[in-house]
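Have a look at this one with me.

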Amino acid sequence: MSPLLFNLYLHYTFDDWMRRHFPSVPFVRYADDGLLHCTSEMEAVFLQESIGKRLRECNLDLHPKKTKIVYCRDANRRGHSHTTQFDFLGFCFRGRLAKSKVGKYFNSFSPAINKSAVIDIQQQMREWNLARWTNAELEDIGEKVNASLRGWWNYYGAFYPSALKRVFSHLNEILVKWVVRKYKRFKGSKCKARKWLRGLSERETSALYHWQLGVLPAVER
């Protein structure tokens with residue numbers, strides 16, 4: 001079955017069925033992944049059983065490992081559960097430290113880029129092989145990486161952007177290796193190369209998208 005037909009099949013099998021039988025339960029579905037927000041564990045257990053029965057009637061099954069009941073623990077929900085986080089569409093949803101409008105810190109159940117997406121991004125950065133671009137200038141590197149950096153930021157940076165900024169800092173370490181290979185005066189001295197790159201990032205901030213976001217090479221103070 002093609003992805004389009006399968007999506008239509010799930011629309012009638014699941015989406016319409018949920019709206020008819022459980023109109024008060026908020027839910028979202030993307031392809032064959034979905035989330036439902038329940039008000040109690042009892043409701044969650046009942047829904048899981050009901051959905052499982054509905055899917056079996058339509059020759060489908062709930063995924064045994066991905067299907068789980070999660071307790072969204074935060075400042076207002078302080079109970080305990082074995083499962084207090086989940087991944088969805090490249091984000092990990094769990095309790096995180098947040099700051100209120102009046103400057104007070106509290107525990108918020110919110111999303112940030114998940115480990116799998118971090119690994120994928122860092123792998124893509126390595127595959128650029130920038131450290132060996134010894135004939136390239138900073139402008140060439142910008143043309144290579146900026147579109148990807150902007151795309152990742154627009155998607156993963158929408159929630160808890162500091163987590164993605166930490167991922168982007170990995171690119172600065174790759175660029176340090178590029179400086180060491182490109183300029184003989186920095187051979188064997190990553191510390192000096194990093195300091196020089198920091199100065200370059202402050203002068204040419206617009207050259208690389210992550211520098212525009214304030215993710216500059218770290219140097220010892």
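Predicted model: local features only at pLDDT ≥ 70, side-chain atom pairs only at ≥ 80, totals over all residues.

Here are my points, in order.

1. Residues are numbered from 1 along each chain as its sequence is written, and side-chain values use heavy atoms, with hydrogens and water left out.

2. You'll find zero disulfides here (a disulfide is a pair of cysteine sulfur atoms within 2.5 Å). Take C92: the closest cysteine sulfur, in C72, is 12 Å away, which is too far for a bond. C92 is also buried, at 10% relative accessible area (buried is under 20%, exposed over 50%, partly exposed in between, with a 1.4 Å probe and protein chains only).

3. There are 14 aromatic pairs (rings of Phe, Tyr and Trp, the last by its six-membered ring, with centres within 6.5 Å; planes under 30 degrees apart are stacked, over 60 edge-to-face, the rest tilted). In one of them, F86 and F109 sit tilted, 6.1 Å centre to centre with 35 degrees between the planes. Both of these residues, F86 and F109, are buried.

4. F91 and Y155 make another tilted pair, 5.2 Å centre to centre and 45 degrees between the planes. F91 is buried, at 5% relative accessible area, whereas Y155 is partly exposed, at 38%. Ring pairs also join F91, Y155, Y156 and F159 into a cluster.
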